[in-house]
Amino acid sequence: MVLASMTGFARAAGGLDGARWTWELRSVNAKGLDLRFRLPQGYEGVEQAARGEAAARLKRGAVQASLTLDRAMTKAEVRINEDALQAVLAAAAAVAARVPGAAPPTVDGLLAQRGVVEFVEAGDDPDQRARLEAALIEDFRVALEALAQARAGEGAALAATLDQRLTTIAELTMRADACPARTPEAVRRKLAEQVAALVGTGATLDPDRLHQEAVLLATRADVREELDRLAAHVEAARALIAEGGAVGRRLDFLAQEFSREANTLCAKSNDRSLTAIGLELKAVVEQFREQVQNVE
């Protein structure tokens, strides 16, 4: 399976029995799958089927699907609203009775009155309606597949970007591991300087307690576990990208773990060079996290 983005656009058009239609699908980022349809009134069955197709094909994203349908008026019927016509005639007679010599109403004048003439589309033939709905659903599948391909195309580019970020994270992790400030000699020298500064104050110090504090400081400054976890997270993230499919949530979790380890690395750092690496690492992790928000 390939990695897919949650953003994309697709269109599909078709026609049958004098009807023309266009499907348009737009997709953006979302925490889950949010399907919203805009169809002409009376096509609830088509919407229900389309929802099922979309839910089976997509896992995450806010998807807007709109159907524009244009049906020819070849079967339209012209009807006279008898109630409206009688009301207009009665009003005309009442006016004529009050205005001597008034001309009688004309046919075109009566037909021009609002509500007298109605254009009504005749009911569909059941077989014709079934063919139309089947064609609409089929073209929705075409648009849905095009949307999935568009999301997959963006996903391929996204996978390359994420891999670059992971490569940088791995390089920074190795730099932190090789940082001179992490060598035992550097740690001992740092502790010796701190102890010397305390002794220089003239304060009475318990040698045993001083040894315990030195061991505690050395333990707190050790970032071995953080570096190991960062390396493990890089491998896990690469495995998820290679797996593809709907892995966005798991990549987001790993992004949070990356951030946690980078923060701890900076907090434990007792040297400017290691702190600088940690800060750079935090910036790259944030870039990784932002890109992960686009993954399905």
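Let's start with helix H4 (residues 126-177), which lies across S1, S2, S3 and strand S4 (61-71) and runs at about 155 degrees to S1. Helices (H or I, at least four residues) and strands (E, at least two) are DSSP runs, numbered from the N terminus. Angles run from 0 to 180 degrees between N-to-C directions, with axes fitted to C-alpha atoms, for helices over the stretch in contact. Keep in mind that this is a predicted model: local features need pLDDT of at least 70 and side-chain atom pairs count only at pLDDT 80 or more, while totals for chains, interfaces and linings use all residues. Residues are numbered from 1 along each chain as its sequence is written, and side-chain values use heavy atoms, leaving out hydrogens and water.

Now look at the sheet itself. Its 4 strands form an open sheet in the order S1-S2-S4-S3, with mixed pairing (two strands pair if DSSP finds at least two bridges between them). Strand S1 (8-16) and strand S3 (33-38) stand at the edges with a single partner strand each, so one side of each has no neighbour in the sheet. From one strand to the next, the twist averages 15 degrees.

Zoom in on S1 and strand S2 (residues 19-28). They run antiparallel and are joined by 9 bridges; one of the pairs is Gly 8 with Ser 27 in S2. The two strands make a hairpin with 2 residues between them. Asp 17 sits in the loop between S1 and S2, and it has a positive phi of about 50 degrees even though it is not a glycine. Asp 17 counts as partly exposed because its relative accessibility is 45% (buried is under 20%, exposed over 50%, partly exposed in between, with a 1.4 Å probe and protein chains only).

Finally, hop to Arg 60, in the loop between H1 and S4. Arg 60 is buried yet has no salt bridge, meaning a side-chain nitrogen of Lys or Arg within 4 Å of a carboxyl oxygen of Asp or Glu. The nearest side chain of opposite charge, Asp 252, is 6.7 Å away. What does the side chain of Arg 60 reach at 3.3 Å? That is the backbone oxygen of Ala 30. A polar atom of the Arg 60 side chain also lies 3.2 Å from the backbone oxygen of Val 295. Not counting residues up to four places away in sequence, Arg 60 touches (heavy atoms within 4.5 Å) several residues, including Met 6, Leu 33, Arg 151 and Glu 296.

Notes
Lys and Arg count as positive and Asp and Glu as negative; His and the chain ends are not counted. A polar contact is a pair of N or O atoms within 3.5 Å; within protein, one must be able to donate a hydrogen and the other to accept it, and residues adjacent in sequence count only if both atoms are side-chain atoms.
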